Amino acid sequence: MLVTGKNLYLNLDAAHGQARVALLRAGKVIPGFGIEECEPVVGSSARAIVRWKTGDLAKLKGEKISLRIEMKDAGLYSVWTDD
């Protein structure tokens, strides 16, 4: 996925669960963007913003990354970044 903006969005159904996201470069977690640093995304939303305690997605703009998404009792429909 190419980072094109400052926010990562999830369209998900986590009414009774949660999701967390880690960002990877060349298969390795990018410092500040691990699962442990990700604030849990809860509830159901078509535009839930993913946030990390120490990471700022805007700093990765223009980079190609991979995602590792951890979900518990949740359904994921789409993922994207803004422009």
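Q: Which residues is Leu10 in contact with, leaving aside its neighbours within four places in sequence?
A: In this predicted model, local features need pLDDT of at least 70 and side-chain atom pairs count only at pLDDT 80 or more, whereas totals for chains, interfaces and linings use all residues. Residues are numbered from 1 along each chain as its sequence is written, and side-chain values use heavy atoms, with hydrogens and water left out. Leu10 has its place in strand β1, strands being DSSP runs of E with at least two residues, numbered from the N terminus. Contact means heavy atoms within 4.5 Å, and on that basis the partners of Leu10 are Ala19, Val21, Val41, Ser45, Ala46, Arg47, Ala48, Val50, Leu76, Ser78, Val79 and Trp80.

Q: Is Leu10 buried or exposed?
A: Relative accessible area decides this, with buried meaning under 20%, exposed over 50% and partly exposed in between (1.4 Å probe, protein chains only). The relative accessible area of Leu10 is 0%, so Leu10 is buried.

Q: How many salt bridges does the count come to?
A: The rule asks for a side-chain nitrogen of Lys or Arg within 4 Å of a carboxyl oxygen of Asp or Glu. Arg20 meets it with Glu70, their closest N and O atoms being 3.0 Å apart, and the side chains of Arg25 and Glu63 meet it at 2.8 Å, N to O. By this rule the count comes to two.

Q: Why does the salt bridge between Arg20 and Glu70 tie together parts of the chain, and how many residues apart are they in sequence?
A: Arg20 forms this salt bridge with Glu70. Because Arg20 lies in strand β1 (residues 8-25) and Glu70 in strand β4 (residues 66-72), the pair ties together parts whose separation in sequence is 50 residues.

Q: Where is Glu63, the salt-bridge partner of Arg25?
A: The side chains of Arg25 and Glu63 meet in a salt bridge. This pair links distant parts of the chain, 38 residues apart, with Arg25 in strand β1 and Glu63 in the loop between β3 (41-50) and β4.

Q: Which side chain does a polar contact of 2.7 Å join to that of Thr81?
A: Thr81 is found in strand β5 (residues 75-81) and, at 11% relative accessibility, counts as buried. A polar contact is a pair of N or O atoms within 3.5 Å, where within protein one must be able to donate a hydrogen and the other to accept it, and residues adjacent in sequence count only if both atoms are side-chain atoms. The side chain joined to Thr81 by the 2.7 Å contact is that of Thr4.

Terms used. Helices (H or I, at least four residues) and strands (E, at least two) are DSSP runs, numbered from the N terminus.
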